[in-house]
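I opened a new notebook page for this chain.

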Amino acid sequence: MAPQDPVAEQTHQQLLNRLDIAPIPRPFRNPNWRPSQRRNKNVKQLLSEASRKEASTNPTQANSGATTPFAAGTSGTTDGSQTPTEGAARAPNFSQAAQNLSALVLEKNARATFPSGPAVTYTNIESAPSLHPSCQRHYCDITGLPAPYTDPKTRLRYHDKEVFAVIRTLGQGVPESYLEARGAHIVLK
C-alpha cells in the first residue's frame with residue numbers, strides 16, 4: 001500500500017479523535033430517570049398492615065364493653081341490672097354507649113360460639129402449641145439432629161451428606177420402618 005500524504009493522514013486522525021466515544025463520561029444511571037410512583041410492598045409490610053387492621057377491630061380496654069359510659073360522677077355495673085341513664089345526673093354519651101353495646105354483643109356471641117376451654121392469649125400457658133407447618137422443626141430420622149434435607153427416593157430426613165450416604169446403603173424395607181416410626185408411613189392399596 002502506498003503511503004498517504006501527511007495532510008490526509010492528519011485529517012483522518014482528527015476525524016477519528018472527534019468520533020471516538022471512549023473519553024465521553026457515561027454515568028451508570030440516566031440523569032432523567034425517576035423511580036416508579038407505584039410502591040410494591042414486601043410480605044413483612046403486608047403482614048404488619050394486616051395485624052394493625054385486625055388489632056384496630058379487636059376489642060381493647062377502651063371499647064371492650066367492660067365499662068358502660070355513665071354520666072360523670074355516677075357508678076354502675078355492666079351486668080345489665082342498671083341502664084346508663086338510671087340515676088344519672090347528666091345524659092350519657094350515646095355514641096360511645098352504642099359503640100360499647102356493639103362490642104358487648106360481639107363478645108357475647110364469641111363466648112357463645114367458643115364456650116369451652118380457656119381463652120388463648122400470649123400470656124396464657126394453657127393454650128395449645130402451634131400446629132402451623134412453619135413452626136414445626138424437622139429432625140433427622142437416623143441421628144435426631146436438625147434435618148434441613150429430605151431424600152426424594154426414600155422420603156427420609158437427614159442432617160448431612162454422611163447420613164445421606166448411610167440412607168442410600170439401607171436395605172429394602174428399612175426406610176419404611178423409619179417412616180413408620182415417625183408416623184409418615186403411607187401404604188397405598
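Does D141 count as buried or exposed? I looked up its relative accessibility: at 16%, D141 counts as buried. My cut-offs are under 20% relative accessible area for buried, over 50% for exposed, and partly exposed in between, with a 1.4 Å probe and protein chains only.

Ground rules first. This is a predicted model, where local features need pLDDT of at least 70 and side-chain atom pairs count only at pLDDT 80 or more, while totals for chains, interfaces and linings use all residues. Residues are numbered from 1 along each chain as its sequence is written, and side-chain values use heavy atoms, with hydrogens and water left out.

**Entry: salt bridges**

I took a salt bridge as a side-chain nitrogen of Lys or Arg within 4 Å of a carboxyl oxygen of Asp or Glu. That rule gives 2 salt bridges.

One pairs D141 with R182, and the closest N and O atoms are 2.7 Å apart. The partners sit 41 residues apart and link distant parts of the chain. R182 lies in helix α5 (residues 174-182), and D141 lies in the loop between α3 (94-113) and β1 (149-150). I checked the cover on R182 too: R182 is partly exposed, at 29% relative accessible area.

I then looked up D151 and R168. Their side chains form a salt bridge at 2.6 Å, N to O. This pair also links distant parts of the chain, 17 residues apart. D151 is in the loop between β1 and β2 (157-158), and R168 is in helix α4 (residues 161-168). D151 is buried, with a relative accessible area of 0%. R168 is partly exposed at 40%.

**Entry: fold elements**

I counted 5 helices and 2 strands. Their order along the sequence is α-α-α-β-β-α-α. Helices (H or I, at least four residues) and strands (E, at least two) are DSSP runs, numbered from the N terminus.

**Entry: UniProt record**

An unreviewed UniProt entry lists residues 138-167 as "domain: Vps72/YL1 C-terminal". I note that such annotations may be inferred rather than shown by experiment. In the model, this span is 23% helix and 13% strand, and its end C-alpha atoms lie 17 Å apart.

**Entry: whole chain**

How much of the chain is buried? Buried residues make up 12% of its 189 residues. The chain exposes about 16,300 Å², by the Shrake-Rupley method with a 1.4 Å probe. Carbon and sulfur atoms supply 58% of that area.

Last, I checked contacts, meaning heavy atoms within 4.5 Å. Among those between residues at least 6 apart in sequence, 25% join residues at least 24 apart.
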